[in-house]
Amino acid sequence: QVQLVESGGGLVQAGGSLRLSCAISGSSFSINYMGWYRQAPGKQRELVAAVTSGGSTNYADSVKGRFTISRDNAKNTIYLQMNSLKPEDTAVYYCNARKIIYGVSSDYWGQGTQVTVSS
């Protein structure tokens, strides 16, 4: 099993910054992909940013140039640096880890952390 614990959410004014952290514990071998997703009220969960085990990253168009995903393998932690925040970034942010073993994917999720951006 893999356990993910997010932290760093909160309330910030538009234009401000926050950094989210996701600490990984448990059976973390063979994690190929880690990402941040978010879900706003009444909307579907969407991918915000992701990083592969090889270090490749991808971002939702809405956050490109403002958010940065990074990972610290020594600390088994990934981060999401969020700058120039907008009210539309308000959502619960979830950390995700994906293992792919023999072609079979398994997804693990954190409990979520609330990010609220006031205008």
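Reply:

**The disulfide and its surroundings**

A search of the whole structure, which is a predicted model, turns up one disulfide. Its partners are C22 and C95, with their sulfur atoms 2.1 Å apart. The bond ties together distant parts of the chain: C22 sits in strand β3 and C95 in strand β9, 73 residues apart. As a general point, such a link is a covalent bond between the sulfur atoms of two cysteines.

Next, the geometry. The torsion about the S-S bond of C22 and C95 is about -85°, so this disulfide is left-handed.

Is the pair buried or exposed? The cut-off for buried is under 20% relative accessible area. C22 has 0% relative accessibility, so C22 counts as buried. C95 is also at 0%, and therefore counts as buried.

Now the setting. M34 is in contact with both cysteines, C22 and C95. Leaving aside neighbours within four places in sequence, the contacts of M34 also include L4, I24, A49, A50, V51, I69, I78, N96 and A97. M34 is also one of the residues with the most contacts inside the largest nonpolar core, alongside L4, W36, L80, M82 and Y93. That core has 28 residues.

N96 has a relative accessible area of 0%, so N96 is buried. What does its side chain meet? The side chain of N96 makes a polar contact with the side chain of D107, at 3.1 Å. Beyond four places in sequence, N96 is in contact with L4, Y33, M34, G35, Y37, D107, Y108 and W109.

Strand β3, which holds C22, belongs to an open sheet of four strands in the order β1-β3-β8-β7. The pairing there is antiparallel. β1 and β7 are the edge strands, each pairing on one side only. From one strand to the next, the twist averages 15°. In general, strands of a sheet pair through backbone hydrogen bonds, either parallel or antiparallel. β3 and β8 run antiparallel and are joined by six bridges. One partner pair can be named: R19 has Q81 in β8 as its bridge partner.

N76 is in the loop between β7 and β8. Its phi is near 50°, a positive value in a residue other than glycine. N76 has 31% relative accessibility, so N76 counts as partly exposed. S84 lies in the loop between β8 and β9. The phi of S84 is likewise near 50°, positive in a residue other than glycine. With a relative accessible area of 41%, S84 is partly exposed.

Key: Residues numbered from 1 in each chain as written. Predicted model: local features only at pLDDT ≥ 70, side-chain atom pairs only at ≥ 80, totals over all residues. Heavy atoms only, no water. Buried < 20%, exposed > 50% of the residue type's maximum accessible area, 1.4 Å probe, protein only. Polar contact = N/O pair within 3.5 Å; in protein donor to acceptor, adjacent residues only side chain to side chain. Contact = heavy atoms within 4.5 Å. Core = buried A, V, L, I, M, F, W, Y, C linked by side-chain atoms within 4.5 Å. Disulfide = S-S within 2.5 Å. Helix = DSSP H or I, 4+ residues; strand = E, 2+ residues; numbered from the N terminus. Pairing = 2+ DSSP bridges. Axes fitted to C-alpha atoms, helices over the stretch in contact; angles between N-to-C directions.
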